[in-house]
Amino acid sequence: MAAIDTMAFISNGVSLVTYFTGYMNFSITKSATTVTNFMGTAFLVTLFGAFLSDTYLSRFKTCVLFGCFEVLGYAVLAVQAHFHQLRPLPCKGMPPSQMDQCQPAKGGEIAVLFGGLYLVAFGTSGVKAACPSLGADQFDENDPKEAGKLSSYFNWFLFFLTIGGMLGVTFLVWISDNQGWDWSFTVCSIAVGMAILFLTMGKSLYRNNNVPKGSPILRILQVFVAAFRNRNLPLPENEADLHQIPDNEPVEILKRTDQLKFLDRAAILNQEFQGSWNLCTVTQIEETKIVVRMLPIIASTVFMNTCLAQLQTFTIQQSTIMDRNLGTFQVPGASIPVIPLLFMFVLIPIYERVFIPVARSFTGIPSGIRQLQRIGVGLVLSAVSMAAAGAVETHRKNAAAKHGEMVSVFWLGIQYGIFGMADMFTLVGLFDFFYTESSAGMKSLSTAISWCSLAFGYFMSSVVVEVVNKVSGGWLADNDLNRDKLNYFYWLLAGLSVLNFGFYLVCASWYKYKEVEEREEHEHPKGKIEMGLV
């Protein structure tokens, strides 16, 4: 399910810029901004999908329901691409005498385009929120053998996302370039429909299918309200006097931590005020603390995804004015992102089968290195990738200006390859970190928080491009990369990435891993275990 969803989504993420400029007559900047807004929305709305999954629907039902919206969205886009009456007249190839008819899409054309796009964004958001957690639910965290395999699951999950992405940026991009966008969108719609069928066929095999435990967002709000109402009450000296889940309830019990102590007031027993908005359990408070502690971590990974957005927009535009010949075959510009995917396709099995066992022998950590360390490595590599992108663009411009030559498009493989490694470290690290650290009733929400890093990264990309254009006097405003100063923009991103890594180090050092206390009445009487990798 995840691989096919990624195949459809990524193929459009890397090539819609071409569709917007060639079929909707958008400028390069507007095309890039429209793509990043579309992708940012898809990742941000995962919060809504997670809310439904944890509160009302199971993860399985969420995948199926939202997948149907995605199928419908691709179908709308296919209809618009097929019927020229729903699109503006193309500017490319239009005689000069008729250029006054060359207008960007507007009115009903824009309505159909954005309707289809955002149906896709809404649909894929629910799949992305629920699908990773649905797979992780198949592992019992209370079983040491299965818990140790959870990190491996996320590695192989990314491996299949990579396979889907490779198919998207090669097979589907080839279809859009050679058979037409209507065929490409149609294949996406049919493929996602088949993915829903595959997922449904396996329903009888799934276990640990989550039962909605009420809104995690509501539980968080209750903690803040209760803590505010009890703000004038002193905390008891003995933490055992704070309200906790009764011993006879077989649920996950979180041990109290010393951080964010003002929230502990929500668990002060008060005879005058009762009810869930006045009194919360220590476990509920710790759930809230976990989310609050996660926010700086997710904030410090946002900028990396702003850099990723440039590789899916401006770098694709670079490829269109470079030599894309590979022998007698011309590589589609939108297929260039297959390079980092190939790196990940090779490196993920090596990481899983070689690096983790070797690292585990030195550290004693089941996943080889801590999740936060893994995320940090990815952030460093993303800064290196942006510096490499600036150097490659400088080389391309010099070759074009001095010799009138087009350099090989495979020069872009340098920045793509480095960023592919960065993504392998950071994305899996985020998935593993947020799923492991979240409480039982917040697994879908935690996955959505991981995707939100991508969402805010894409939205920030739109802002960064606009701000840089204004402050710099138009580094990216000429609609001609040979006159634009894209290399300066890449180097600026590299410098900001270094500063962002410093911020991440501060956030990671402040984070305190959760502790789970299992009581003797539970099925696994192991006393107290610490679930964080400390």
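Q: What makes the span of helix H13 (residues 371-403) close to the expected one?
A: Helix H13 has 33 residues and reaches 48 Å from its first C-alpha to its last, close to the 48 Å expected at 1.5 Å a residue. The expected span is 1.5 Å times one less than the number of residues. Helices here are DSSP runs (H or I, at least four residues), numbered from the N terminus. Just after H13, Gly-404 takes a positive phi of about 65 degrees.

The model is predicted: local features need pLDDT of at least 70, side-chain atom pairs count only at pLDDT 80 or more, and totals for chains, interfaces and linings use all residues. Residues are numbered from 1 along each chain as its sequence is written, and side-chain values use heavy atoms, with hydrogens and water left out.

Q: Why is H10 called oblique to H14?
A: The axes of helix H10 (residues 302-311) and H14 come within 11 Å and cross at roughly 140 degrees. H10 is therefore oblique to H14, because angles under 35 degrees count as roughly parallel, over 145 as roughly antiparallel, 65 to 115 as roughly perpendicular and the rest as oblique. Axes are lines fitted to C-alpha atoms, for helices over the stretch in contact, and angles run from 0 to 180 degrees between N-to-C directions.

Q: Which residues in H10 meet H14?
A: Met-304, Cys-307, Leu-308 and Leu-311 in H10 meet residues in H14 including Tyr-416, Phe-419 and Ala-422. Contact means heavy atoms within 4.5 Å.

Q: With which residues is Phe-185 in contact, leaving aside its neighbours within four places in sequence?
A: Among them are Leu-16, Tyr-19 and Tyr-74.

How values were computed:
Helix = DSSP H or I, 4+ residues; strand = E, 2+ residues; numbered from the N terminus.
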